[in-house]
Amino acid sequence: MLALTRGFNLNWKLFSNSNHSRTLIPSLIKLPLMVATRPSVSSPTYSTGSPVNVPLKHVGTHNGSFHCDEALGCFMIRLTSKYSNAEIVRSRDPQVLEGLDAVLDVGGVYDPSRDRYDHHQKGFGEVFGHGFSTKLSSAGLVYKHFGKEIIAKELQVDEGHPDVHRLFLAVYKSFMEAIDAIDNGINQYDTDQPPKYVNNTHLSSRVGKFNLDWTDPDQSSKKENEAFERAMALAGSEFLDNVRFHAKSWLPARSIVMECLATRFDVDPSGEIMVLKTFCPWKLHLFELEGELKIDPLVKYVLYQDDRSKQWRVQAVAKSPDSFESRKALPAQWRGLRDDDLSRESQIPGGVFVHMSGFIGGNQSFEGALAMAGAALKL
């Protein structure tokens, strides 16, 4: 994991405007020193100063109240080679912004050739592509243009490696798209009904809570910038956690599911039973691979061994990733039965249980579990 060292340094300058009234405005925020403590991780090491002979870069975003998208965007852009030594300038002054190397979430311009990544201007409708249609926020824009570089560094491979593209899409789907949608006010569901509960636990909500409370007597720009630093650290750490999960867990699991799917006809001639030789998160991978490979017929049951009990499980595949309804639930006459009662009813020795809903069952042996799945296909 990356250790986030509290090495912040806030600098403030006193300027006079044309009316000779004095206002205190921020100059530069130096972001935290980040040190890679795991040798297998390729995340860049940052310095709070400018490397020798390398001009210091400046990345701008607006001051005032902040949201998850610009906090995450500022964090992500500093994971790139181009902006690894950048300092953050928070301002809405067009003249200040014009002189910066990159500008996020302010300025009314989207122009990647000049590293301008705002999404508030009239007529803006940029999306991630690759089948995604959610309008991008400033974080989504940074990810669209720099995400492959960030992921390639994490995997320690070239950007052209196929795993980079797979993770690029997976991280957008599982993490980034929600940031874009929430910032742009896009409902998760098409419905006129009010939600049944309030969810203030998602990342965008937690980042928003770092904004200064109206009851706080100190409403200074300095304190606001300190809050923004904490927001960047939170959003950035969760982004990196998501990338690393996909690199270390999601990607290897996909390879396992693909291999098991390819050998399903060796398990049963129907092709509707898959054996997971190594347990891993398989459900989303199975749905995606079935679609990509145009699998027909679809898999109805997945068999795997319970690592704790060493018994075998027969799990009915759901109709969709978010559905509780199975494609073909285990037979109704088996449901709710256990042990000898199940073995007698199914006429398969070694029965352990079948859930009341029929979505999962168990047997003492692989042979028994396979026999249960095969019989269930015919009932």
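Residues are numbered from 1 along each chain as its sequence is written, and side-chain values use heavy atoms, with hydrogens and water left out. Because the model is predicted, local features need pLDDT of at least 70 and side-chain atom pairs pLDDT 80 or more, while totals for chains, interfaces and linings use all residues.

I start with asparagine 63. Asparagine 63 sits in the loop between β5 (58-61) and α1 (68-77); helices (H or I, at least four residues) and strands (E, at least two) are DSSP runs, numbered from the N terminus. Is asparagine 63 buried, exposed or partly exposed? Its relative accessibility is 24%, so asparagine 63 is partly exposed (buried is under 20% relative accessible area, exposed over 50%, partly exposed in between, with a 1.4 Å probe and protein chains only). Leaving aside residues up to four places away in sequence, asparagine 63 touches Arg90, Ser91, Arg92 and Glu224, where contact means heavy atoms within 4.5 Å.

Now the rings. Rings of Phe, Tyr and Trp (its six-membered ring) pair if their centres lie within 6.5 Å; planes under 30 degrees apart are stacked, over 60 edge-to-face, the rest tilted. That rule gives 15 aromatic pairs. One of them is the tilted pair of phenylalanine 175 and phenylalanine 239, 6.1 Å centre to centre with 55 degrees between the planes. Phenylalanine 175 belongs to helix α4 (residues 162-183) and phenylalanine 239 to helix α6 (residues 221-262), 64 residues apart. Both phenylalanine 175 and phenylalanine 239 are buried. Ring pairs also join them with Phe128, Phe132, Tyr143, Phe168 and Tyr172 in a cluster.
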